[in-house]
Amino acid sequence: MSVVAMLFFIVVLLFALLAAAALLTWVERRLLAWWQDRYGPNRAGPFGILQAFADVIKILLKEDWIPPLADKPVFVIAPAIVAVTMLLGFAIVPLAPGLVIADLNVALLFFFAMTGLSVYSVTFAGWASNNNYSLLGSLRTAAQMISYEVFMLLSLVGVVILAGSFRLTDIVDAQRGMWFFVPQFVGLVVFFLAAIAETHRLPFDLPEAEHELVAGYHTEYSGMKFGLFFLGEYLGMMLSSAMIVTLFFGGWLGPPFLPPIVWFLLKTAFFVCLYLLLRAALPRPRYDQLMGYAWKFLLPVALLNIVVTGAIVVATRSPAEVGS
Amino acid sequence: MVTTVLFYAFAAILLVAALGVITARNPVHSVLFLVFAFLQSAVLWLLLEAEFLAITLVVVYVGAVMVLFLFVVMMLNINVEELRSGFTRYLPLGIGVALVVVIEIANVIWFRSEGQAFVTPTPHAADYSNTKELGGVLYTEHVFALEIAAMLLLLAIVAAITLTMRTRHRPGLKVQDVPAQVAVRAEDRIRVVKVGPVKE
Amino acid sequence: MLANYLPILIFVIVAAGLGVVLLGIGFVLGRGQKDQEKLSAYECGFEAFEDTRNRFDVRYYLVAILFILFDLELAFFVPWAVSLDAVGLFGIGAMGVFLALLVVGFIYEWKKGALEWD
């Protein structure tokens with residue numbers, strides 16, 4: 001790919017992502033309304049679809065306010081961090097054969113580096129706001145995110161063992177025979193739970209917990225800065241859905257009557273909807289339950305998964321191969 | 001050629017960020033600069049074709065170690081003015097340490113490298129996996145170092161817990177038992193007493 | 001190999017530029033009037049009693065430290081998973097010992113109550 005073509009691809013992808021995130025706010029409200037037997041936004045345009053764009057305009061025109069006691073530079077940088085790191089995460093997602101911005105050898109680790117960086121966004125936001133609710137919310141978020149990050153990566157070691165590579169295109173290719181959600185079902189469950197906690201979506205949205213922390217780390221944010229947090233959250237949701245599809249559900253693979261990219265997008269859309277359905281279905285756990293669950297249940301399960309997968313892979317390979 | 005330009009560009013940013021770490025008045029700003037400095041040094045490692053190490057630097061240092069740093073400086077209520085008052089007192093010691101470091105670096109650069117030119121890493125093919133090569137030697141040739149690392153990590157776990165854990169349930173200490181509170185049923189707490197009419 | 005990272009570099013620049021542009025648009029368009037009430041911190045009716053940035057439970061530090069340690073352990077798992085074919089049974093044994101030590105630490109942590117959030 002020449003540099004110009006690459007630049008074109010990047011810009012197209014970025015704008016597609018921004019549009020998708022905006023549209024997702026509408027999809028979320030419509031689906032929630034449907035499940036709860038309400039109408040949801042249905043006035044602007046067909047099925048209310050223009051509501052998403054109306055909201056973008058609204059959020060741009062809202063007063064861009066910085067609390068006087070806040071630490072100004074940190075307060076402004078914080079929301080940009082989460083939006084930019086989540087956008088960067090998409091650089092390694094293979095949409096179709098050959099259709100990936102950077103096919104890195106260490107793609108999986110790159111994904112983790114980006115989710116790791118997004119922790120700073122909430123921590124800085126909560127600290128810079130100089131507000132009790134924000135600070136409590138950001139502390140909770142940081143502790144929750146770093147806890148769940150541990151076994152998010154642990155849950156994927158099984159996938160890496162099976163594929164023998166970190167490169168996402170190799171992982172997808174290795175799933176031609178069987179999608180990895182069959183042999184790595186435990187890994188899938190752990191990864192999915194961790195992904196929800198990482199993006200702090202419901203039911204694991206304790207950092208925001210409207211009833212006690214009044215939106216937590218972004219209590220003091222307004223206008224486009226609030227919008228960037230929102231953007232980061234929706235991008236994170238799409239990114240983790242895309243990762244679940246790539247790692248466990250064969251990425252772009254599928255029966256040939258549809259082009260690969262359509263398969264990829266369909267599968268990703270399915271998992272995004274699952275994310276939204278969880279919000280409609282599940283109550284929020286207590287914080288001690290959330291943390292205990294992470295360290296006492298998911299961590300041992302993820303470790304066990306690695307041991308069992310490693311043992312099976314070694315046992316089923318030919319002895320000559322193992323002895324070498 | 002391009003890599004040389006990139007190297008100097010990123011090294012310059014790294015230096016600026018490192019200067020920011022020590023000149024920022026607010027410790028949280030220092031952490032922000034330090035995170036930035038780590039990211040830049042990861043890029044420098046990448047330019048040396050150390051792909052896996054570069055990304056591990058980001059995951060471990062930026063993703064984990066700096067979060068702890070941030071927790072500590074955010075919440076310890078460090079009074080910067082107080083810290084600065086000791087500046088002149090510690091200045092001689094600081095200069096001494098700085099001199100030692102400068103001499104050590106000079107030693108490595110000028111005397112140890114005598115006769116051997118700086119080797120620019122050979123560029124690898126796009127599908128060359130640094131990680132695989134590393135794993136190949138780490139778990140066979142350097143297995144002893146690996147197990148020592150495991151011991152160190154175990155030691156660190158034990159040390160961290162010993163240092164930070166307080167015995168929460170001293171006798172006489174009132175603590176909240178949330179699960180017990182939630183599990184309470186009305187029958188345990190409320191006794192419905194049927195009071196009959198009082199007869200004279 | 002470095003050529004793989006050129007798109008990442010471009011992506012970083014474009015994405016960061018996008019972030020700045022979005023913040024800038026918000027800053028330019030989002031004008032409003034300031035008044036006394038708006039300028040105060042969000043509270044539930046009371047003025048704040050003390051400075052927000054204060055000491056807090058050591059438990060959060062402990063979680064952060066344990067996270068660093070497990071992250072480091074993970075950094076050792078990763079090359080192992082990729083090179084499972086190359087290292088053979090010996091490598092599996094080496095990892096077994098490594099994992100056993102990790103599990104000892106984990107059990108200690110659990111028994112000491114470092115994982116409790118009461």
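The model is predicted, with local features needing pLDDT of at least 70 and side-chain atom pairs counting only at pLDDT 80 or more, while totals for chains, interfaces and linings use all residues. Residues are numbered from 1 along each chain as its sequence is written, and chains are lettered from A and ligands numbered from 1 in the order in which they are written.

Helices (H or I, at least four residues) and strands (E, at least two) are DSSP runs, numbered from the N terminus. On that basis chain C has four helices and zero strands, and chain B has nine helices and zero strands.

Next come the contacts, where two residues count as touching if their C-beta atoms, placed from the backbone, lie within 7 Å. Within chain B, 55% of the contacts between residues at least 6 apart in sequence join residues at least 24 apart.

Between chains, 46 residues from chain C meet 50 residues from chain B. On the chain C side, helix H3 (58–82) and helix H4 (84–112) each supply at least two residues, and H3(C) gives the most, with 19 residues. Sorted by class, this side of chain C holds 34 nonpolar, five polar and seven charged residues (Ala, Val, Leu, Ile, Met, Phe, Trp, Tyr, Cys and Pro are nonpolar, Asp, Glu, Lys and Arg charged, and the others, Gly among them, polar).

H3(C) also packs with helix H3 (residues 51–75) of chain B, at an angle of about 175 degrees and with the axes 8 Å apart. Axes are lines fitted to C-alpha atoms, for helices over the stretch in contact, and angles run from 0 to 180 degrees between N-to-C directions. Angles over 145 degrees count as roughly antiparallel, so H3(B) and H3(C) are roughly antiparallel to each other. Among the residues making this contact are Phe52(B) and Phe71(B) of H3(B) and Tyr60(C) and Asp71(C) of H3(C).

Chain C touches chain A as well, with 65 residues of chain A in contact with 48 residues of chain C. H5(A) gives the most to the chain A side, with 13 residues.

Conventions
Parallel < 35°, antiparallel > 145°, perpendicular 65-115°, else oblique.
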